[in-house]
Amino acid sequence: MQSITNSTAEAAASQKDKSLLLRLDANYGFIVNAAWVNDPPVRNSQEVIVMKIRAFRMVHEGESLLKLVLELKKIARFSGFASLNDHMDQRTGEFTEPTEKIYSMLSRNVEEAAASLKELESHYY
């Protein structure tokens with residue numbers, strides 16, 4: 001069940017990575033397309049409006065990139081907790097078997113001590 005959960009989480013993380021890369025590519029593409037000016041100098045008010053629209057789109061896509069960076073930082077923080085939890089589960093599993101062995105040895109020692117005590121009491125009385 002643990003491996004199914006891990007594979008599902010990995011698939012979801014892979015899908016999230018792909019969507020973030022697509023967003024990043026789209027944002028950079030919009031910025032480059034908006035910034036690309038191969039026209040002669042501005043001649044009329046229509047061209048001024050087009051330049052303002054391009055500048056607005058560049059700023060808007062820059063803000064989108066900043067939001068994407070913030071989202072990536074959040075993902076990095078929270079995915080760190082997931083990997084820590086997985087590591088803790090693994091370490092807990094590693095210590096479970098030796099702990100059980102120690103408990104069984106202790107219970108066996110208690111039983112042997114109780115038997116020895118009974119034997120000593122029978123000889124004493």
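**Close-up 1. R23 and its partner E71.** At 34% relative accessibility, R23 counts as partly exposed (buried is under 20% relative accessible area, exposed over 50%, partly exposed in between, with a 1.4 Å probe and protein chains only). R23 forms a salt bridge with E71, and their closest N and O atoms are 2.9 Å apart; the term means a side-chain nitrogen of Lys or Arg within 4 Å of a carboxyl oxygen of Asp or Glu. E71 lies in helix α2 (residues 45-124) and R23 in helix α1, so the pair ties together parts that are 48 residues apart in sequence. Helices are DSSP runs (H or I, at least four residues), numbered from the N terminus. E71 is partly exposed too, at 21%.

This is a predicted model, where local features need pLDDT of at least 70 and side-chain atom pairs count only at pLDDT 80 or more, while totals for chains, interfaces and linings use all residues. Residues are numbered from 1 along each chain as its sequence is written, and side-chain values use heavy atoms, leaving out hydrogens and water.

Close-up 2. E94 is partly exposed at 38%, and R91 is partly exposed at 35%. K101 and E97 also form a salt bridge (3.7 Å, N to O), and they sit 4 residues apart in helix α2, again about one helical turn. The structure holds 3 salt bridges.

Conventions
Helices (H or I, at least four residues) and strands (E, at least two) are DSSP runs, numbered from the N terminus.
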